[in-house]
Each structure stands twice: as C-alpha cells, then as structure tokens.
Amino acid sequence: MAKDSLTITDNRTNKTYEIPIQYGTYPQYGASIRATDLRQIKNGEEDFGLLSYDPAFGNTASCRSAITFVDGERGILRYRGYPIDQLAEKSSYLEVAYLILHGELPDEQQLKVWVDDITIHTMVHESIKKFLDGFRYDAHPMGVFVGAVGALSTFYPDARGVDDPDCRAIQITRLIAKVPTLAAMAFRHSRGMPYVYPDNDLSLTGNFLNMLWRTAEPKYEPNPVLERALDVLFILHVDHEQNCSANAMRSIGSSRPDPYCALSGAAAALYGPLHGGANEAVLRMLAGIGTRANVNKFVEGVKGGKERLMGFGHRVYKNYDPRARIIKQTADEVFAVTGVNPLLEIALELEQVALKDEYFIERKLYPNVDFYSGIIYQAMGFPVDMFPVLFAIPRTAGWLAQWEELLKDKEQRIARPRQVYDGNDTRDYVEVGKRPPAAS
Ligand code: ACO
C-alpha cells in the first residue's frame, strides 16, 4: 500500500530512515518533510546530523500560513481564498486590509467600525514633525519612512505587550492609519513643503492625496479616478506570502520586539531594488533607455549580462504576474485623466521584445507587479523616489497579518537558521608582534 513517507538510505552508513511526508490543509497544494527529521541521519555518534542546505530559501517552507496563496506556475494570487482580480474590481483597500488581518470579509457594521477606527488614528504625535525635520533636505523618502516608522516605537511603549491580542489590535490600527501620514510627511519634507494634517472626511487614499498635494486651497478634493486607481494599486500590494520583507517581518517579530521596530525592518527589506525598490529602478531604467529605438540594444545588454531587466522575473511567478495584468488596465484609466506617460511606449515595446526572446522564454521571465506600477505613479505626479513608499503603505497590512499569524503559531520560535561552516578550523591566537606580515 502507498505510504506517505520517504525511505532514505544513507550510503555512508548503509542505514535506512523513514521520514513522514506531511500535507497542509490542501494536499493538492504541496507536500513537505520536516527538515529536523533529517537530523537523525548521522555519520557516527558524534555527528550533528544532516542539515538541509537552502541558501535564499529556494525550497524551504518557513511557516504554515492561511493568508495568501500564490501559484507561480499558473499566475494565481488569492488573499484568504479570494482571487486578486475580484478584490481589485469590487473591494477597497481598507476592506482588503480587514480581510487579510481577520481572515474574513467584514459585515457592514464591522467595516464601518474598522474604517472609523482607522480614520481617527491617522494623526501622528507632533514630535514626529521635529524628528522628521532632522533629516537632510534630500533624504530619500523611503529612508525617512523606515526611520519614522521605527521611531513610532518610542511613542507607544505599551506596544511591547505583543502577547496580548488587545495590545496587538491597537498597534495594528495605529500602524495602518499612520503609515500614509508618515509617507506623506516624508514626501513633503523632501519638497520643503509644510506638513498637511489628515482630513477625516476623505477616504484613506483621498486623504493620502490630500496630505501629499494640498497647497493653499481650504479643502482638498481628490480626483475620484486617481483616488480609486490608488486604492486598486494598494489592494494589489497588500500581501504576497513569504517574500523578502514578509520574511524580515516574521524574522524580526520572532524575537518579540514591538511591531513598529519589526515593521521598520520589513520596510527596509522592501526598499532594495530586487524587491519593492524595483518600481523605482524600472522608471530609472526606462528613462535610461530613452526611446523605443534603443529597446533592442538594451535587451541585448541584458542578455549579455550587462544589464538587468528591472520589473521582470520573480522567484515564484514563472508566468505573467496577475497583478501586472490588473495594473495595465488601471494604467488606461489613470492616463485618461493625467495624459499618457511617454515612458509607456518604451515599456510596451520592451515587454513585446522580451516576451518573444528565447532568453526570457527559457528562464520564464515575465513582467512582475513593478513593471507598470511606476509608470502609473509617475503619471499621477509621484516622484520616482516615492515609489517604494507607496508600496510600503498597503504592504503594512500584509506584514501585520504575517506578524499576527506568527505570534499565534505555537510551532514558531525565534527564527534561527543553521549554517554550513566554511571558515578556518581551530587555531591558536598569536601575539600581534609575532604574526607574519599580512598579505597586501
Ligand atoms: N533580467 C535579466 N535576467 C534575469 C532577470 C531580469 N530581471 N531575472 C532573472 N534573470 C535571469 C538570471 O540572470 C538567471 O539567469 P541564469 O540562469 O542564466 O543565471 C535566471 O534568470 C534566474 O534568475 P535568478 O536571479 O536565479 O532568480 P531569482 O528568483 O533569484 O530572482 C528576482 C528573482 C530577484 C525578482 C529577479 O528576477 C530580478 O532581479 N528581477 C528584477 C528585479 C525586480 O523586478 N524585482 C521585483 C520583484 S517583485 C517584488 O519584489 C515586489
């Protein structure tokens, strides 16, 4: 009879081991073995036991999660079971944030309470202003954002009670409510403009646009198309299971600091050009290419290893990123209001050329979420260095859901990977005067 196990023979010792295969709730979504089961495989009494070596977590599940499902081969993304295209079409960012955090869509009353709660927590302590003033005039808004989110930790010392669900709930509300305010302040600081206080009459994205763009008008009225487009972009960026920044959030969270410090670390992970910083890198790349005529030459440079096609490729998606497809539609709506971003035609040409080229076909490299998002953000008037900050605002909900799940998971402990030691074997200390000269 078929058994759910592996039989492993260690050819060093000729011993045989039986390792159970385990499944999650849905066996069709994959099977795993426990890496610690390999430790019984020893080459003698003194041996530590077999490790699984997996740099960059290429094939290691670090947790069980019920938040987000990604099928990279088929280009599927679902939050709590709901397909991303349905949420993008029918839902709102705050409703999706509730869903991702609580596991279910809110009923009417729950949604109202949630939106009210977020709305009344959008203000930040006045001292944050002084704190932000300390940044240089040309500070990158993402650096400012990372610093400001971390600084919130000092304003809410009660937040260290991470094992108390009520304490977690209030920090979650504060963070989701305050990150747009901090993001807008980071932007206004970089422009030397006075900070704008939140306007509770507006939606989350409407208020965000208000805090970014309001100048002397008594009441800011966001353009409804741009307000909705930003909301859709926020929905698309809420979560993406165990990516670099979610893993950072979980890893930092596992030592039980307050969520402001953990989230600041997650945002720092997002900042890199291989992750959420890619949308910024895409724009710089498109501007560098300059015209459609240069696309072929650029692609040759990518194939020759001189360049990287930013906004293409993904560790998990080996098919068209479903978020990129939705973003392409949103782009048309935005451009109807703002006019077409001239970089769009370079991006479209680049996509066309890359998707037909053997190099990209072979490696299954398709546009990811960042390929078109920056073009929309730029058309909406955002400077390039704000792009990763725009990513961090909605991802805050995802990071917090991952954090909450981690803290509730009885199997999780402080994250502590093993290593395969490759350094010097033991050797004796030599006094400084007695050491041979170092090789230059
Ligand atoms: N341009 C050119 N070649 C690429 C690209 C790219 N964007 N991405 C991958 N490749 C090539 C690699 O050189 C490698 O080729 P090889 O087998 O000849 O060595 C092969 O495809 C496999 O790539 P890896 O780097 O092993 O893939 P990995 O899963 O480690 O990297 C990553 C994924 C970081 C996203 C990568 O595709 C990349 O750098 N893309 C550009 C940056 C980007 O757009 N990041 C955003 C991702 S989405 C997000 O984080 C929100």
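A: The sulfur of cysteine 63 lies 15 Å from the closest cysteine sulfur, which belongs to cysteine 244, and this is too far for a bond, because a disulfide is defined as a pair of cysteine sulfur atoms within 2.5 Å. This is a predicted model, in which local features need pLDDT of at least 70 and side-chain atom pairs count only at pLDDT 80 or more, while totals for chains, interfaces and linings use all residues. Residues are numbered from 1 along each chain as its sequence is written, and side-chain values use heavy atoms, with hydrogens and water left out.

Cysteine 63 counts as buried, with a relative accessibility of 16%; buried means under 20% relative accessible area, exposed means over 50%, and partly exposed is in between, using a 1.4 Å probe and protein chains only. Cysteine 167 is likewise in no disulfide, and the nearest cysteine sulfur, that of cysteine 261, is 13 Å away. Cysteine 167 is also buried, at 10% relative accessibility. By the distance rule, the count of disulfides comes to 0.

Next comes the ligand, which is surrounded by 20 residues, the closest being His275, Arg308, Leu309, Gly311 and Arg315; a residue belongs to such a shell if one of its heavy atoms lies within 4 Å of the molecule. By class, this shell holds 11 nonpolar, 5 polar and 4 charged residues, where Ala, Val, Leu, Ile, Met, Phe, Trp, Tyr, Cys and Pro count as nonpolar, Asp, Glu, Lys and Arg as charged, and the others, Gly among them, as polar.

The ligand has 920 Å² of accessible area on its own, and the protein covers 71% of it, with areas taken from the Shrake-Rupley method and a 1.4 Å probe.

Finally, the backbone can be read too. Phenylalanine 57 has a phi near 50 degrees, a positive value in a residue other than glycine, and phenylalanine 57 is partly exposed at 43% relative accessibility. Arginine 256, which is not a glycine either, has a positive phi of about 70 degrees, and arginine 256 is partly exposed, with a relative accessible area of 34%.
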